[in-house]
Amino acid sequence: MPSPFVGELFTFENPDGSKVTLRGWGNQFQAVFETLDGYTVVQGDSGYYEYAKLADDGETLVPSGTRVGAEGPDTLALPKHVRLTREATRRHAAEARDAMGPPPRWMQRRQENLARRNARSAEGAEAAPPTGSTTGDYLGLVLLVDFSDFPQTIGKQEVDDFCNKAGYSGFGNNGSALDYFRDVSDGKLRYRNHVAAYYRAAHPRTYYTDPAIAYGTRAQELIREALDSLVASGFSFSGLTADSGGFIQALSVFYAGARSNAWSQGLWPHSWALASSYSAGGGRRFSDYQITDLGNQLTLRTFCHENGHMICDFPDLYDYDKVNIGNGIGHYSLMCFGGSDKNPTQVEAYLKHAAGWASRVTTLNSGTTATVEAGKNDFLLHARNAAEYFILENRQQSGRDAALPDAGLAIWHVDVNGNNSHEQMTASQHYECSLTQADNRFDLERRGNSGDAEDLYGGAASTFGAATAPASKWWDGSASGLEIEQVSAVGASMTVKTRAAGGTGAQWHSNVGVDSVFTSHHGQNGWVNLAGFGWRKIQTGAPDGVTNMSAVFALARAKNLKVTVNMDTATVFQTYL
């Protein structure tokens, strides 16, 4: 879906041509708008913008009967910042999603990938390698559309340069879309777009922006017109990147002129799937698309965000229903708020790693000292399994990340079965990708802000473990074994040190049950799941031997015997029956 808007200014038009300036929060499924002095506004049945109030059932916003600007809202005894309940917000957002029709192909591909990841997770405690990688050369399609009443003002070559020219700087952008994906993938993804010649729409723009027609209907009609024209011209679609089902992955549509519709009407910018797929011949089909106005300039953030969906199968990491709930991971990722329009922040470590863009991954075991570099895909990993893990990276406020709220070590808690619309932070309802905020306020989940200068780790006071706040526990409350005892000062190169095996925290425990044992074909690689303690790795090179201890644990499991173990929160060092 298009990047969410947070406090963005919009100018909407009343039927008599008068305009109102409102501040908005939301996305294509759910949004709320206010006057600049904080009074909530909705569009009335007459088409005019009116001050809003809650319906008697408290489940919807309804017009008060007073047009914005007709008289002061303070005379109407209306409260400021009127919002729906969380439940109503989510229900309305779900209804809006359902009304858009079948989900996009990228969502289907992502679900297939998730099923494969969960299958790998069931195989054992180690993190499986990423699946569904997005590397190499990709080619998308860009359609340009103008109208008899709104002819083009930004030329085809300019759009081509915006998509494909190395070092592009038009309209103040930091590079082209090609540059952005090349940079954030450490050169592993080379994404270009074929930009077609302008198509002159069959009708004036007012036909497509008619607010009386169901949202998305005329946008899809316009897209089909433009594709028909391209097919008639003899264009070959064979070079465009398609998935295993023959569906062309990326279709972006720019239409001439500024956005004129109110939210969720006519040609309001959005992305989804065509109601029925479009055959381009040769076994190629179109389904997923994004459409937006050209306005008077081109900007990277939304274009790259949408292509992150279509090309990389990246999910949104904001709350789909976020109008009055959580802020996802704020400005720390392109796939959430993304920082600057013309220099969007990077994709975070979780999705980069899943896309196969890592240049170095260091496993954080007990007694590890690791250096992690900023500005490249250099990650630290501590995994429970293929589904849940911590992944760490160094983020600095420079280059692509100039708009970050903070600099330092970012600690991401990932559960691929989570959902960034679930801000509750409980075992059953939590984010897919959560930033562990060093200040322990969790402002992102609580909608306090979109990131602040106390979120990331770095310096003498930075520790992260079972006894810190926040703690390094898995979502089910069990100890993860990640014990970071030292993080160097914030800088382009940062060093992370974990507690040594057998050091502080290692203790003997008696009468411990064995729930399961896992070993792999890799040498010196064994794990045990101990009742009440969770998974522990059997120490590589242990005095009792990995094989010997694995055999003891296997016997105890088979005979329902108890063991005595010497262990810390991550590692088993010795055991006996």
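User: Which residues of helix α3 (residues 156–164) are buried?

Analyst: This is a predicted model, in which local features need pLDDT of at least 70 and side-chain atom pairs count only at pLDDT 80 or more, while totals for chains, interfaces and linings use all residues. Residues are numbered from 1 along each chain as its sequence is written, and side-chain values use heavy atoms, with hydrogens and water left out. Buried means under 20% relative accessible area, exposed over 50%, and partly exposed in between, with a 1.4 Å probe and protein chains only; helices are DSSP runs of H or I with at least four residues, strands are runs of E with at least two, and both are numbered from the N terminus. In α3 the buried residues are V159, D160, D161, F162, C163 and N164.

User: What do the buried residues of α3 pack against?

Analyst: Contact means heavy atoms within 4.5 Å. The partners of these buried residues are β7 (136–146), α4 (177–184), β8 (189–195), β11 (251–255) and α7 (300–312).

User: Is D378 buried or exposed?

Analyst: D378, which is found in strand β16 (residues 378–383), counts as buried because its relative accessibility is 3%.

User: Which side chain joins that of D378 in a polar contact of 2.5 Å?

Analyst: A polar contact is a pair of N or O atoms within 3.5 Å; within protein, one must be able to donate a hydrogen and the other to accept it, and residues adjacent in sequence count only if both atoms are side-chain atoms. The side chain of R360 is the partner of D378 at 2.5 Å, and a polar atom of the D378 side chain lies 2.8 Å from the backbone nitrogen of E373.
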